[in-house]
Amino acid sequence: ATAPVELPDGAAVLPPGALGIAWEDLDYTYPGASRPSLRGVSVRAAAEQWTCLVGVSGSGKTTLARLALRFDDPDRGRVRVGGVDLREAAADGLRGRVALVSQEAHLFRMSVADNVRLARPGATREQVEAACRVAALHEEVAAMPAGYDTLLGERGASVSGGQRQRLALARALLAEPDVLVLDEFTSHLDPAVDARVRDGVHDWAARRGATVVEITHRLHRIEQADHVVVLDGGRVVQSGAPRELLAEADGPLARLRARQG
């Protein structure tokens, strides 16, 4: 595998307040890949809105998320957060304002509370519990052998894939980001828990005035989003309000949903 590129750090500070993301005319090919993951992609995630990026596996959804966190720079075009080109942004400032919750959540050999607190070491127990309540996890943690002091990680208490995902979500929420990027963040949850988590995050985002970008292939609650972008083969094939897109009976979003039953 190709080693990650060391990217030069910028000095520009992101503006205060709500932040939108703009991916502008992007081309991107992963190192060593023969085909581009993105080709001429332009997408906007408006500030204080919930934008869903959908499409089949390999369509380019996660690549857009990675570029929004500046895991790499595009081959062509630019990514702006709050109007600032990420090539010019200070990395520390970006990490403090934009949080990613991915499918793979890492837990460490420490207590539940300290695992959540990694994103904000000075957080109080009350703040940790509040984040876990949003993530629909508080009752399950309270039922563990030592509650929030239960040891996790190697030789610690075992947790399910769904609990692991929600611990990662609570960790991100505790950091109080202005932009929350959710990559298949409910993939291990059953529909009832998925619904509770989504409702919690929607309420949290509305209270904070946060921007949410969700990458998903699960479309059963797509109407909750403000804006949907459908990707296929590294290109945008449809975008708009979900109800408008679903009204196109033979459109890309309607076809994706029909395939899921």
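Colleague: How many bridges join strand β3 to strand β9, and do the two run parallel or antiparallel?

Modeller: This is a predicted model, and in it strand β3 covers residues 50–54 while strand β9 covers residues 227–232.

Colleague: Which residue of β10 is the bridge partner of V230?

Modeller: Strand β9 is also joined to strand β10, residues 235–240, by 5 bridges, and these two strands run antiparallel. They form a hairpin with 2 residues between them, and G233 in the turn has a positive phi of about 60 degrees. Within β10, the bridge partner of V230 is Q238.

Colleague: Is G251 buried or exposed, and what is its relative accessible area?

Modeller: G251 is found in the loop between α8, residues 242–247, and α9, residues 252–260. Because a residue counts as buried under 20% relative accessible area, G251 is classed as buried, with a value of 4%.

Colleague: In which helix is confidence lowest, and what is the mean there?

Modeller: The chain averages a pLDDT of 93, and 97% of the residues score at least 70. Confidence is highest in helix α4, residues 125–134, at 98, whereas the lowest value belongs to residues 91–97, which form helix α2, with a mean of 90.

Conventions. Residues are numbered from 1 along each chain as its sequence is written. This is a predicted model: local features need pLDDT of at least 70, side-chain atom pairs count only at pLDDT 80 or more; totals for chains, interfaces and linings use all residues. Side-chain values use heavy atoms; hydrogens and water are left out. pLDDT is the predictor's confidence in each residue, from 0 to 100. Helices (H or I, at least four residues) and strands (E, at least two) are DSSP runs, numbered from the N terminus. Two strands pair if DSSP finds at least two bridges between them. Buried means under 20% relative accessible area, exposed over 50%, partly exposed in between (1.4 Å probe, protein chains only).
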